[in-house]
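This report covers a few local features of one protein chain. Please have the sequence and the model open while reading.

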Amino acid sequence: MEKQIIQSSNAPAPIGPYSQAVTAGGFTFVSGQVAINPATGDLVTGDIATETTQVMENLKAVLSAAGLTFNDVVKTTIFLTKMSNFAAVNEVYGKYFTANFPARETVEVSGLPKGVNVEISVIAGK
């Protein structure tokens, strides 16, 4: 199976040995995105809604680099450090997915890279 590495300067550079996304077998697998401003490299902090908005914008940039949109997403995974943030994250998430929703799971974890509160990954296909 052939794979293509997807890279966008409009999303944060990987902070480890991984790609922002990889297309293989007709699907694009977007690595988990956190609330890093790609222009400055700084964490976007404040409330969970602001953090989630930056995560979604980073996902949007990587999807765009692959020629995709949120309409092409078939699966998402949301990682939260506190399940009490679920409603606020879901509210922001719902602004990006408005119909034909992808499959999804949301899990609480004990920690995330750089001490962020939310990380989201997606799988998309055409």
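Which residues make a nonpolar surface patch of about 260 Å²?

## Basis of the model

This is a predicted model, in which local features need pLDDT of at least 70, side-chain atom pairs count only at pLDDT 80 or more, and totals for chains, interfaces and linings use all residues. Residues are numbered from 1 along each chain as its sequence is written, and side-chain values use heavy atoms, with hydrogens and water left out.

## The nonpolar patch

The patch is made by Phe27, Phe29 and Val74. Patches consist of residues with over 30% relative accessible area and no salt bridge, with like charges joined within 9 Å and nonpolar side chains (Val, Leu, Ile, Met, Phe, Trp, Tyr) within 5 Å. Accessible areas come from the Shrake-Rupley method with a 1.4 Å probe, and for residues only the protein chains shown count as cover.

Valine 74 sits in strand β4, residues 73–80. Strands (E, at least two residues) and helices (H or I, at least four) are DSSP runs numbered from the N terminus. Valine 74 is partly exposed because its relative accessible area is 41%; buried means under 20%, exposed over 50%, and partly exposed in between (1.4 Å probe, protein chains only).

## Threonine 28

Threonine 28 belongs to strand β3, residues 27–33. With 5% relative accessibility, threonine 28 counts as buried. Its side chain makes a polar contact of 2.7 Å with the side chain of threonine 23. Such a contact is a pair of N or O atoms within 3.5 Å; within protein, one must be able to donate a hydrogen and the other to accept it, and residues adjacent in sequence count only if both atoms are side-chain atoms.

Neighbours within four places in sequence aside, threonine 28 is in contact (heavy atoms within 4.5 Å) with residues including Ala66, Leu68, Val122 and Ile123.

## Salt bridges

The structure holds 2 salt bridges, each a side-chain nitrogen of Lys or Arg within 4 Å of a carboxyl oxygen of Asp or Glu. Lysine 126 pairs with aspartate 72, the closest N and O atoms being 3.7 Å apart. The two are 54 residues apart, with lysine 126 in the segment after β6 (118–125) and aspartate 72 in the loop between α1 (48–65) and β4. Lysine 126 is exposed at 75% relative accessible area, whereas aspartate 72 is buried at 13%.

Glutamate 105 forms a salt bridge with lysine 75, and their closest N and O atoms are 2.5 Å apart. This pair links strand β5 (residues 103–108), which holds glutamate 105, to strand β4, which holds lysine 75, across 30 residues. Glutamate 105 is partly exposed at 32% relative accessibility, and lysine 75 is partly exposed at 24%.
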